[in-house]
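Student: Could you go through this model with me? I have a few quick questions.
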Amino acid sequence: MANVAEDCLRVRNVNEERVLTAVGHYVDSGMAHCSCAECALDLLALALNQTPPRYVANEVLMDLYGDRDGMLTDTDIRQTVLNAATRVASNPRCGMPMSI
């Protein structure tokens with residue numbers, strides 16, 4: 001048990017990875033009001049704060065049992081990203097004019 005802290009590093013939040021991927025696709029597709037680093041990070045932070053964590057210690061077993069993503073669907077993730085993008089676009093901190 002002396003290496004419990006090291007073992008904790010193997011615990012991952014799979015929803016964080018899903019949100020990061022969704023935000024990347026959203027920004028890369030040109031759908032974001034602004035794609036500067038500051039707005040993209042604001043979008044990511046807002047979306048992550050609205051997404052419940054889903055921690056796993058063994059992804060192989062999670063895939064085997066089919067419970068890797070839990071109850072959150074890809075549509076839920078996309079909607080969360082869209083809601084966060086709307087908030088960022090309504091008040092961008094980078095100085096770009098607000099969207100209407």
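Student: How far is the sulfur of Cys 36 from the closest cysteine sulfur?
Tutor: In this predicted model, the closest cysteine sulfur to that of Cys 36 belongs to Cys 34 and lies 3.5 Å away, which is too far for a bond, because a disulfide requires sulfur atoms within 2.5 Å.

Student: And what about Cys 94, which cysteine sulfur is closest there?
Tutor: The closest one is in Cys 39, and with 3.5 Å between the sulfur atoms that pair is also too far for a bond. The structure holds 0 disulfides.

Student: How accessible are Cys 36 and Cys 94?
Tutor: Cys 36 has a relative accessible area of 25% and is therefore partly exposed, while Cys 94, at 32% relative accessibility, counts as partly exposed as well.

Student: Switching topic: is Asn 15 buried or exposed?
Tutor: Asn 15, which lies in helix H2, residues 14-28, counts as buried, because its relative accessibility is 2%.

Student: What does the side chain of Asn 15 reach?
Tutor: It reaches the backbone oxygen of Pro 52, at a distance of 2.8 Å.

Student: Back to H2, then: at what angle do H2 and H5 pack?
Tutor: H2 and helix H5, which spans residues 74-90, pack at an angle of about 60 degrees with their axes 10 Å apart, and the two helices are therefore oblique to each other. Their crossing is right-handed.

Student: Which residues meet there?
Tutor: On the H2 side, Arg 18, Val 19, Ala 22, Val 23 and Tyr 26 take part, and they meet Asp 74, Ile 77, Val 81, Leu 82 and Ala 85 in H5.

Key. Residues are numbered from 1 along each chain as its sequence is written. This is a predicted model: local features need pLDDT of at least 70, side-chain atom pairs count only at pLDDT 80 or more; totals for chains, interfaces and linings use all residues. Side-chain values use heavy atoms; hydrogens and water are left out. Helices (H or I, at least four residues) and strands (E, at least two) are DSSP runs, numbered from the N terminus. Buried means under 20% relative accessible area, exposed over 50%, partly exposed in between (1.4 Å probe, protein chains only). A polar contact is a pair of N or O atoms within 3.5 Å; within protein, one must be able to donate a hydrogen and the other to accept it, and residues adjacent in sequence count only if both atoms are side-chain atoms. Axes are lines fitted to C-alpha atoms, for helices over the stretch in contact, and angles run from 0 to 180 degrees between N-to-C directions. Angles under 35 degrees count as roughly parallel, over 145 as roughly antiparallel, 65 to 115 as roughly perpendicular and the rest as oblique. A crossing is left-handed if the near helix is turned anticlockwise from the far one by less than a right angle, and right-handed if clockwise. Contact means heavy atoms within 4.5 Å.
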